[in-house]
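I opened the structure to look up a few strands and contacts. These are my notes.

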Amino acid sequence: MLAQTTDVRALEAPRREINYINYEDKTMFSKFATAAVAATLSLAASAAMPGADDYSFEPVNPEMKKGDDVTLAVRLTNKQTGKPVSDAVIFKTRADMAPDGMAEMESPVTPLPSKEPGVYVFKTDLPMAGRYQVTLSAKVQGESETVTGKVIVKATK
Ligand SMILES: [Cu+2]
């Protein structure tokens, strides 16, 4: 999924570059086109524009005791800067046991106030031991794309 999106951007960037170049000399262009595309591709890879891929969700505690009304904390980080993203609005969440083949076993997720920048806290139920997948969709300031992520937490007995 990540690689796919990166590929799309890598393809779009050189196209924009090529359109921008004013071809006064088409011969010269064809001569150097390959080199230019290669150079732009490496530029796109190293200095890509911010996108939904540049964020990562991670569980603060990847393992916790099973039970009802469990507090689940997820950290959202900007991968380019390594900094926590504190101004995100998480508008969709889902917790289920898909990692253990029980996608239909869904738990309600209720947002709780955050106490730490970039850490988003939720109340949920982890009724049985096993792995739970939490899917999050967020709006991040300055980011037009919706940022989505999945974190996996393990509930123990
Ligand atoms: Cu289950």
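**Notebook: a hairpin, a core and one alanine**

I looked up the pairing of strand β6 (residues 109-112) and strand β7 (residues 119-126): they run antiparallel and are joined by four bridges. I noted the terms: strands are DSSP runs of E with at least two residues, numbered from the N terminus, and two strands pair if DSSP finds at least two bridges between them. This is a predicted model, in which local features need pLDDT of at least 70, side-chain atom pairs count only at pLDDT 80 or more, and totals for chains, interfaces and linings use all residues. Residues are numbered from 1 along each chain as its sequence is written.

I found Pro 111 opposite Phe 122 in β7. β6 and β7 form a hairpin with six residues between them. In the turn, Gly 118 has a positive phi of about 85°.

Next I looked up the largest nonpolar core, which has 22 residues. Such a core is a set of buried Ala, Val, Leu, Ile, Met, Phe, Trp, Tyr and Cys residues joined through C-beta atoms within 7 Å. The elements giving two or more residues to this core are β1 (55-59), β3 (67-78), β4 (89-97), β7, β8 (130-139) and β9.

Then I checked Ala 155, which lies in strand β9 (residues 147-156). Why does Ala 155 count as buried? Ala 155 counts as buried because it has 20 C-beta neighbours inside 10 Å; the cut-offs are 20 or more other C-beta atoms within 10 Å for buried, 12 or fewer for exposed, and partly exposed in between, with C-beta atoms placed from the backbone. The C-alpha atoms of Ala 155 and Leu 126 are separated by 6.6 Å, and these residues are 29 residues apart along the chain.
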